[in-house]
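The sequence and the structure come before the discussion.

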Amino acid sequence: MGSVTTDIRGSVAIVTFDNVARMNAIDAGVAEGLASAAVELKARKDVGALVLRGAGDKSFSAGVDLKFVEGFAKRAEGFAIVEKGVESFWSSMQAMPFPTIAMLHANCYGGGVQLAVSTDFRFGDEALKLSVPAVTNKLYYPVSALERLFAIVGETRTRRMMLAGEVLNAQTLLAWGFLDQVCPAAELERETLAFAATLAAQPREVVAVYQGIFRALRAGDGKKARISGEGKGRAVK
């Protein structure tokens with residue numbers, strides 16, 4: 001069974017999910033561990049940024065652990081357990097008062113992409129390969145993840161990712177706006193953590209307001225965004 005650990009370095013929380021034997025595929029241990037970690041971190045006042053990563057150097061995540069799912073008499077039961085934890089994690093990530101970054105290395109497939117788009121930023125290594133083979137595998141992808149993909153790469157590219165199921169490389173993902181930065185594998189961790197530290201050093205009360213404004217704008221709610229920022233236009237003393 002997979003597990004999740006949280007390491008606090010200064011003001012940066014590093015959340016690592018570990019199911020290395022299964023290419024960091026998402027089973028109940030990973031899903032529930034991520035949900036618990038996100039709930040805890042959302043309430044902490046000493047954290048200014050979060051980095052999400054998969055353990056080891058072979059894969060960010062191979063998606064939902066089909067071996068775990070197939071251990072149930074009905075696959076739907078296994079998928080439901082994983083989806084419950086991932087949806088809880090997703091909800092907490094969307095409400096974080098500080099920025100979040102996914103550190104993507106080697107491979108990122110299916111449910112791993114859902115984890116990646118739960119964050120505000122995505123850094124990837126040059127060897128990154130990413131695909132969402134849900135249609136090929138006759139699976140329905142979570143609508144919340146599709147909505148986020150729409151916001152990040154647009155409708156046409158989201159359709160292409162889903163319906164063609166292509167394996168996309170890092171440079172394509174950077175050009176599409178899915179990745180914010182591409183680094184050599186040996187420099188990915190250093191670059192990601194350096195960016196996280198820069199974000200965490202910003203005034204947290206101001207960042208938290210902007211996080212709320214950005215969420216409202218993403219949802220197309222300009223009125224809520226204006227209310228969130230009302231009275232915040234002047235310098236904070």
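Contact, as the word is used for packing here, means that heavy atoms lie within 4.5 Å. The model under discussion is a predicted one.

**Helix α1**

The residues of α1 that are buried are Ala28, Gly29, Val30, Ala31, Gly33, Leu34, Ala35, Ala37, Ala38 and Leu41. At the start of the helix, a side-chain oxygen of aspartate 27 comes to within 3.1 Å of the backbone nitrogen of glycine 29. The length of α1 can be checked as well: its 15 residues, 28-42, should span 21 Å at 1.5 Å a residue, and because its end C-alpha atoms are 21 Å apart, the expectation and the model agree.

**Helix α5**

In helix α5, which covers residues 143-153, the buried residues are Ser144, Ala145, Arg148, Leu149, Ile152 and Val153. Viewed down the axis of α5, these buried residues fall within an arc of 140°, and they therefore line one face of the helix. On the other side of α5, Val143, Glu147 and Ala151 are exposed. Glycine 154 follows α5, and the phi of this glycine is positive, near 95°.

| Element | Residues |
|---|---|
| α3 | 75-94 |
| α4 | 111-116 |
| β6 | 121-125 |
| α6 | 155-164 |
| α7 | 170-176 |
| α9 | 204-218 |

**The largest pocket**

Which residues lie nearest the centre of the largest pocket? They are Val64, Phe79, Gly110, Gly111 and Leu139, which belong to a lining of 23 residues. The elements that give two or more residues to this lining are α3 and α4, and the largest share, six residues, comes from α3. The space that lies in the largest pocket is about 430 Å³.

**Serine 88**

Helix α3, which supplies that largest share of the lining, is also the place of serine 88.

Note on methods: Residues are numbered from 1 along each chain as its sequence is written. This is a predicted model: local features need pLDDT of at least 70, side-chain atom pairs count only at pLDDT 80 or more; totals for chains, interfaces and linings use all residues. Side-chain values use heavy atoms; hydrogens and water are left out. Buried means under 20% relative accessible area, exposed over 50%, partly exposed in between (1.4 Å probe, protein chains only). Helices (H or I, at least four residues) and strands (E, at least two) are DSSP runs, numbered from the N terminus. The arc is that of the directions from the helix axis to the C-beta atoms. The expected span of a helix is 1.5 Å times one less than its number of residues. A polar contact is a pair of N or O atoms within 3.5 Å; within protein, one must be able to donate a hydrogen and the other to accept it, and residues adjacent in sequence count only if both atoms are side-chain atoms. On a 1 Å grid over the protein atoms alone, a cavity is a set of points where a 1.4 Å probe fits but cannot get out, and a pocket is an open set with protein on both sides within 12 Å along at least five of seven lines; lining residues have an atom within 4 Å of a point. Grid points are joined across faces, edges and corners, and a volume is the space filled by probe spheres set on the points.
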